[in-house]
Amino acid sequence: MSSSSDLQSSPEHVVAKRARISQWPAVPMTRAFEAIDRIADKFPPESKGYPTVALTNGRVIAEDIRAPENVPKARTSVKDGYAVIAADNLMIRRVAGVATAGQPWDGILQPGECIRISTGAVIPEGADAVVQVEDTTLAGYDGDVEVAINILIAPEVGKDIREKGSDIKENDVLLENGCELGPAEIGLLHMFGIQNIEIYRKPKVCVMSTGNELVESYHICPPQGFIRDSNRPQLLSLFRSQGFKPIDAGIASDNIDSIEAAIRQASEFASVIVTSGGVSMGEKDYLKEVLRNRLGFEISFGRVWMKPGLPCTVAHGKINNLPVVVFALPGNPVSSYVCANLFVTPFLRAMAGCNRPKQPVIKVKLAAEMRLGPRPEYCRAWLESRCGETFPIANVTGNQISSRLPSLVGAHVLLVIPQSSTEKTQLEKGELVDAIIISSLF
Ligand SMILES: Nc1nc2c(c(=O)[nH]1)N[C@H]1C(S)=C(S)[C@@H](COP(=O)(O)OP(=O)(O)OC[C@H]3O[C@@H](n4cnc5c(N)ncnc54)[C@H](O)[C@@H]3O)O[C@H]1N2
Ligand code: MOO
């Protein structure tokens, strides 16, 4: 007997005939990363010209930016004080003039003279040291005007002078191709009056949930058996926090035609499509089927030997002759978020031209022992620094089951926990492990 709802397009989805063991090998993480890197090569970043005044944090530079001039351009004073000739033996100097920032003194300093000078002002010709005002006393004045000062500490040649080009030399590389802009980088561009630069375009990414059980989160009281879609807002928020402008592609129902139509429609807006749900062994898990048989995509991997995220699937191909990659993440809320962090954001950042697309990894110390499981695990943890400890202490965020979203709340890192072996079934309190940073640390 078969019911019409069982009759999806392929025999593998007639429930009585479905495979009872996944046909997809669970690839090791290294293979999954390599496969994604190979796909990234098919999506080279594109650049465009952009005015510096309109730049915002997170933009990525698509050229090497070199210093067009020295900084400082001329020798300048590091202190408010007096520009002097160090070799003068006299402690008393005649104040011959004033140099402030923006108003140089254009004479030539003579022996026995000094120039009152401000921080940032150009050192007058003939001077070779600056004495800070704290190391002087007044030696003579005429009304309100200083006439002579007494130097309390004899200066050495070069004292408190910023030599020409000592901060930045003309033609030095200021910012490398692939560097992400933050406040300092934006400041540098303005420092040199660089008006326009090449930056990379941000890739477009669509986020879609799949599942008959899903309703929009504004539902006050979903009917029995329904749940609110939390993955989509969560993933949209993740990609936004990374500086992308993700497109909300809604919820597709668990139906081969609907999923195919939703992916085709999403591909009109974005070349990267992120779905969640429908990738495991359930009778309504159609994502792999759609990707392979309906869209003719190459499935780079259909499972990964990791926890959470085992059924994570990545596929790529063409729709309307344009390249498209689909990250079909597992439905469990923690699984989709962990996989998005490990696989999708580094991919998007590579597509966006970043020269450091992956999250930083640091060493942390376990606050408590941990039992190892059969799969390598990415445990959520928050970090604290403790007095006398060299490494941050990692506190696991409670029960790590992949449906339990609170395990992500407050998590700074994903601990990289190896799978168990005959030699090692547990990590001890105080052991050092790698931790992938997934949130800002303040
Ligand atoms: N027989 C097997 N069953 C399962 C396996 C397996 O290997 N053999 N793998 C398990 C693992 S591991 C995971 S992870 C899940 C992933 O399954 P799917 O990707 O097919 O996801 P769904 O079944 O659609 O959903 C799983 C779970 O997550 C909830 N969900 C889905 N979408 C959302 C959403 N947008 N917002 C909130 N919650 C969502 C869904 O209701 C389910 O409870 O499969 C295991 N099963
Ligand atoms: O991969 Mo699943 O994410 O273990 O629950």
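## Reading the labels on this predicted model

User: What makes helix 4 and helix 5 roughly perpendicular?

Analyst: The axes of helix 4 (residues 256-267) and helix 5 (residues 287-294) come within 10 Å and cross at roughly 65°. Axes here are lines fitted to C-alpha atoms over the stretch in contact, with angles from 0 to 180 degrees between N-to-C directions. The cut-offs are under 35 degrees for roughly parallel, over 145 for roughly antiparallel, 65 to 115 for roughly perpendicular, and oblique for the rest. Helix 4 and helix 5 are therefore roughly perpendicular to each other. Ile256, Ile259, Glu260 and Ile263 of helix 4 make the contact with Leu287, Glu289, Val290 and Arg294 of helix 5 (C-beta atoms, placed from the backbone, within 7 Å). By class this gives five nonpolar, no polar and three charged residues. Ala, Val, Leu, Ile, Met, Phe, Trp, Tyr, Cys and Pro count as nonpolar, Asp, Glu, Lys and Arg as charged, and the others, Gly among them, as polar.

User: Why are helix 1 and helix 6 described as roughly parallel?

Analyst: Helix 1 (residues 29-41) and helix 6 have axes that come within 10 Å and cross at roughly 30°. Helix 1 and helix 6 are therefore roughly parallel to each other, and their crossing is right-handed. On the helix 1 side the contact is made by Ala32, Ile36 and Ala40, and on the helix 6 side by Phe343, Phe347, Ala350 and Met351. Those residues divide into seven nonpolar, no polar and no charged.

User: What makes helix 3 and helix 6 a roughly parallel pair?

Analyst: Helix 3 (residues 231-241) packs against helix 6 (residues 333-351) at an angle of about 30°, with the axes 11 Å apart. The two are therefore roughly parallel to each other, and helix 3 passes helix 6 in a right-handed crossing. Asn231, Gln234, Leu235, Leu238 and Phe239 of helix 3 meet Pro333, Ser336, Tyr337, Ala340, Thr345 and Leu348 of helix 6. This contact has seven nonpolar, four polar and no charged residues.

User: How many helices and strands are there, and what counts as one?

Analyst: The protein has six helices and 29 strands.

User: Why does Asp160 count as buried?

Analyst: Asp160 has 20 C-beta neighbours inside 10 Å and so counts as buried. A residue is buried with 20 or more other C-beta atoms within 10 Å of its own, exposed with 12 or fewer, and partly exposed in between, with C-beta atoms placed from the backbone. Asp160 lies in the loop between strand 10 (145-151) and strand 11 (161-162). Although not a glycine, Asp160 has a positive phi of about 55°. Across the 442 residues of the protein, 36% count as buried.

User: And what makes Asn321 exposed?

Analyst: Asn321 has 5 C-beta neighbours inside 10 Å, so the label is exposed. Asn321 sits in the loop between strand 21 and strand 22 (322-329) and, without being a glycine, has a positive phi of about 70°.

User: Why is Arg66 called partly exposed?

Analyst: Arg66 counts as partly exposed because 15 C-beta neighbours lie inside 10 Å. Arg66 is in strand 3 (residues 65-66). Leaving aside neighbours within four places in sequence, Arg66 is in contact with Asn171, Asp172, Val173 and Leu174.

User: Which peptide bonds to proline are cis?

Analyst: The bond from Val71 to Pro72 is cis, with omega near -10°, and Pro72 lies in the loop between strand 3 and strand 4 (76-77). The bond from Lys307 to Pro308 is cis as well, with omega near -5°. Pro308 lies in the loop between strand 20 (303-304) and strand 21 (313-319).

Methods:
Residues numbered from 1 in each chain as written. Chains lettered and ligands numbered in written order. Predicted model: local features only at pLDDT ≥ 70, side-chain atom pairs only at ≥ 80, totals over all residues. Helix = DSSP H or I, 4+ residues; strand = E, 2+ residues; numbered from the N terminus. Left-handed = near helix turned anticlockwise from the far one by under 90°. Contact = placed C-beta atoms within 7 Å.
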